[in-house]
Amino acid sequence: MTFPVSTLIQWLTEVGIEVSVTGATDTPVSSLTFDSRAVTKGALFAALPGSRVDGHDYIEKACQAEASAILAQRMPANLSGVSVIQVSDSARALAVIAAKFFGPLPACLQAVTGTNGKTSVAHFVRLLHGEDQAVSIGTLGMIPAGLFDMPYLTSPDQIAVAKGLAAAAQQGRDFAVIEASSHGLDQGRLDGLTFDAAAFTNLSRDHLDYHATMEDYWLAKRRLFTDRLKSGGPVVIDERISQAAELSGLGLDLFRLGSLESNTADLAYSAEPRPSGLGFTFRLNRQTHTLDLPLFGTFQAENIAVALGLAHLSGLDDLAERLSVIPAKTLGVPGRMMPVVSHPSPPHGRVLVDYAHTPDALATVLQAARPHCRGKLIVAFGAGGDRDPGKRILMGKAAAEFADLAIITDDNPRSENPAPIRAAIRQAAPDAMDIGDRRKAIETGLSAMEPDDLFIIAGKGHETGQIVGDTTLPFDDSEEAQRAAQRLWGK
């Protein structure tokens, strides 16, 4: 596909972006990139400012590689033979251009934001629509796999999102649900998209290494509803959380979730923990349905409720039937309260792998697991290096309060010495075991298990690597647990 610079300018002006141009406007653009190393003849190079690298420093290199156009916030000096599109926000402008450049996109777009639960909600919504009708984009890449090789980021870059959505549309999938992170919203990665409906899960401490305050963190997420939602588009949110009143005060149309006793909830629900999963009841359009779901943790009931709300708003009916026929193995979200092995003796206590890597997420997972556990609740967890150090002691507090046995281990120490990270966590969990070697920590947890115990390995979930320094070493909690079980139990 090739478009002249004038068409790119038209796309920007149509959404109210002011543009200054130097050079020819009939210059053809055949590709888009923000990586100067990927520039080829005829490309548009987008100079994006960043916290570590500023793309404006690589404009000259892009021109040497025969870029035909530059998208920038500052007019570069001494350039000739290249078209320059100057805007106030090159990240937002790139998102707008990419969505048009690679389109058409799926007819219906929805998004979900919040600290926890985004991946689960997106997964459930996609399954409710059907594997051959919908895609989800986020932490797990683009699912179903094989349509487009999407980076494993909660909100991938502008070009990847547009290419992935276009690939889905080309395969006849008319629906997409996207995880919207605070980083992605703040950095304009989704600014080329307008969503038909959006959802909010919850807000708790996370990413304060990026956002200055919790208020800034919330305002970044709120952009999904104030800036990226189509006029009159509904917002799925639980009426019991404080953000519901704020969004209602902004004049947004809320689709309210609530308890079965609520008279104001559009979708009311409840969940009962059972050894095999959840008993889930929901009421929608005055009809009540009760299902047995092979999911662990009542927070998954909250995620299911959000997903049902989004699916309903997209026009799906017979939601109870759709949910009931999803196979157990398919319904579970990779790395989210995921059973990976069971104790060999009755009642076969389970080992679960979960992505919980924030204080709130860890506390939520442990509290949600307790009703499923007849014996001891064991957890192995850590905290990442080069990230908000304030949450380390809070992680320890969550483990000390809600687990019977806590094992502090390493979790992506990155450039930091991992021992002080573990020590910071242990300030709030003095009785916890300190085992830096994650492989040994997992085996220790399994060794401590009795038949009716439950062991949660938290922090990495679906991830398959451990980041030490600048190197990502192969490491999969699920595989390591299975190997340890084989060594200890022979199965």
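Tutor: Leaving aside residues up to four places away in sequence, serine 136 touches Ala122, Arg126, Gly141, Met142, Ile143 and Val177. Please keep in mind throughout that this is a predicted model.

Student: In which strand is serine 136 found, and is serine 136 buried or exposed?

Tutor: Serine 136 is found in strand E9, which covers residues 134-138. Burial is judged by relative accessible area, with under 20% as the cut-off, and serine 136 counts as buried because its relative accessibility is 6%.

Student: With which side chain does the side chain of serine 136 make a polar contact, and how far apart are serine 136 and leucine 319 in space?

Tutor: The polar contact joins the side chain of serine 136 to that of arginine 126, at 3.1 Å; arginine 126 is also among the residues that serine 136 touches. As for leucine 319, the C-alpha to C-alpha separation from serine 136 is 18 Å in space, while 183 residues separate the two in sequence.

Student: How many cavities of 30 Å³ or more does a search of the whole structure find?

Tutor: The general idea is that rolling a probe the size of a water molecule over the atoms shows where empty space is left. In this structure, the search finds two cavities of 30 Å³ or more, and the largest cavity holds about 60 Å³ of space.

Student: Which residues line the largest cavity?

Tutor: Serine 136 is one of them, and the lining also includes Ala122, Arg126, Gly141 and Ile143, together with Thr119, His123, Ile137, Gly138, Thr139, Leu140 and Glu179. Helix H4 (118-129), E9 and strand E10 (141-143) are the elements that give two or more residues to this lining, and the largest share, four residues, comes from H4. By class, the lining has four nonpolar, six polar and two charged residues.

Student: What is the volume of the second largest cavity, and which helices each supply at least two residues of its lining?

Tutor: The second largest cavity holds about 40 Å³, and the helices in question are H3 (90-102) and H5 (158-170), with H5 giving the largest share, three residues. The lining comprises Ala95, Ala99, Gln158, Val161, Ala162, Arg189, Leu190, Gly192 and Leu193, which by class are six nonpolar, two polar and one charged.

Student: Turning to pockets, which residues lie nearest the centre of the second largest pocket?

Tutor: Of the 13 residues that line the second largest pocket, Ala328, Lys329, Gly332, Met338 and Pro339 lie nearest its centre. Helix H11 (328-331) and strand E18 (338-342) are the elements that give two or more residues to this lining, whose residues divide into nine nonpolar, two polar and two charged. The space in this pocket is about 280 Å³.

Student: How many aromatic pairs does a search of the whole structure find?

Tutor: That search finds seven aromatic pairs. One of them is formed by phenylalanine 200 and phenylalanine 225, with 6.3 Å from centre to centre and 80 degrees between the planes, an edge-to-face arrangement. Phenylalanine 200 lies in strand E12 (residues 197-200) and phenylalanine 225 in helix H7 (residues 214-226), so the pair ties together parts that are 25 residues apart in sequence. Both phenylalanine 200 and phenylalanine 225 are buried.

Student: Which residues do ring pairs link into a cluster?

Tutor: Ring pairs link Phe3, Trp11, Phe101 and Phe102 into a cluster.

Definitions and conventions
Residues numbered from 1 in each chain as written. Predicted model: local features only at pLDDT ≥ 70, side-chain atom pairs only at ≥ 80, totals over all residues. Heavy atoms only, no water. 1 Å grid on protein atoms, 1.4 Å probe; cavity = no way out; pocket = protein on both sides within 12 Å on 5 of 7 lines; lining within 4 Å. Points joined across faces, edges and corners; volume = space filled by probe spheres on them. Nonpolar A, V, L, I, M, F, W, Y, C, P; charged D, E, K, R; others polar. Phe/Tyr/Trp six-rings, centres within 6.5 Å; stacked < 30°, edge-to-face > 60°. Buried < 20%, exposed > 50% of the residue type's maximum accessible area, 1.4 Å probe, protein only. Contact = heavy atoms within 4.5 Å. Polar contact = N/O pair within 3.5 Å; in protein donor to acceptor, adjacent residues only side chain to side chain.
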